[in-house]
Amino acid sequence: MKDPELDESIDRAVRELMSAEPRPGMRHRVLARLESRQVRWLTVRRLAGSLALASAVLVVFVLAGRGPETPPGDGSAALRPPLTRLEHVPGAVVPIVAERTMPPGPARGTQPALSVPDVFAAVAPDPPPAERVEAIPALEPILPLAVARLETEGIAMREFGVLPLTIDELQIEPLSPPR
Amino acid sequence: MTVTEGARCSDLDLVRRAQDGDTDAFGELIDRHRRAVFRAALAAVRSPADADDVAQEAFVTAYRKLGSFRGDSSFKTWLLTIAWNRALDRRKSVLRWLRQTVTPHEDADGTPRGIEHIASGRLSQEERLAGAEFQQALRRQIAALPRKMRDALLLAGSGEYSYEEIGRMLGCPVGTVKWRVFEARRVLKEKLDRKLRNLP
């Protein structure tokens, strides 16, 4: 076969290989693909927005729930002063005043026992300031403390006796010869 | 604007309109260049079904990247470059799939039988009658060419693209494209000549 014939054969084979046509309706297929892509993108964006909003709300709730530490119980307890301030509570004044005046009663070092009404009164919320002023009873006069007089008796001192020390003689053994 | 009016516009006008969100203008661009895009893909993947899919992907990609088109080159060249790159991606994946699924049977001349089968599927009845054996040998030799030579030969032989456009697609100068086409022809003629001499 001559060279031009070979060239012709090659051209024909290449043309044949490249002679296929695209399927009809490519325009519609591409535009439909673009549209579906846009719809998918919009859906993803909406979903992402919803998720972001939901997570933001969740974070706000979590942060709001943390707040300062509160003791267990109802919310009003958190606003109440601790029990160390019982002297400000009208119902709890009596036993503390009794302790200050030191009347003959319970021995020193023992805490005065709080009765159940007193405890309820201590836990109850503070009344308004005006009521509180009226509720404080007048203090009883403070009695002078009676101190017993010291008795000074002579202390009998016994004499010390010191015995002389006896020292035994030291005995030193001769060293054994080296082996 | 209707499609008929759009057909009178230049590619650049249609691109500007498509950039403004006019999908009809982009549809007109698809109609104008679908064959060129399809054949560029066909030269790379060699399967019409795959080429059609690649062409669609190329148009979708072009639409998404339309904002980056500055008009430095023609829209067709820009589009063909996108299509060629998509086709190369597809070719790599197809080859990988072939390697994994098809046992690599080869003819004596090293042509993979899978590729030969694809090529011989497009033989017309007339060609078979005119010299089926020779045509088959020719197709096998084209398929067995080194990729760079085969790509240049198929793109140039399709008559769809200028050498400049092929150079842009392949990413090489026009002179290199011409040399590859020439070299592909020379190798083919050499092998065919040897084959013809062995034939009874």
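This text describes chain B of a predicted model and the contact that chain A makes with chain B. Because the model is predicted, local features need pLDDT of at least 70 and side-chain atom pairs count only at pLDDT 80 or more, while totals for chains, interfaces and linings use all residues. Residues are numbered from 1 along each chain as its sequence is written, and chains are lettered from A in the order in which they are written.

Chain B has 10 helices and 0 strands; helices (H or I, at least four residues) and strands (E, at least two) are DSSP runs, numbered from the N terminus. Of its 200 residues, 36% count as buried, that is, with 20 or more other C-beta atoms, placed from the backbone, within 10 Å of their own.

The contact between the chains takes 25 residues from chain A and 32 residues from chain B; two residues are in contact if their C-beta atoms, placed from the backbone, lie within 7 Å. On the side of chain A that touches chain B, the largest share, 11 residues, comes from H1(A). By class, this side has 13 nonpolar, 1 polar and 11 charged residues. Here Ala, Val, Leu, Ile, Met, Phe, Trp, Tyr, Cys and Pro count as nonpolar, Asp, Glu, Lys and Arg as charged, and the others, Gly among them, as polar.

The axes of H1(A) and helix H8 (residues 147-157) of chain B come within 9 Å and cross at roughly 85°; axes are lines fitted to C-alpha atoms, for helices over the stretch in contact, and angles run from 0 to 180 degrees between N-to-C directions. H1(A) is therefore roughly perpendicular to H8(B), a term for angles of 65 to 115 degrees. H1(A) contributes Asp11(A), Val14(A), Arg15(A) and Leu17(A) to this contact, and H8(B) contributes Leu153(B), Leu154(B) and Gly157(B).

Methods. Parallel < 35°, antiparallel > 145°, perpendicular 65-115°, else oblique. Buried ≥ 20, exposed ≤ 12 C-beta atoms within 10 Å, placed from the backbone.
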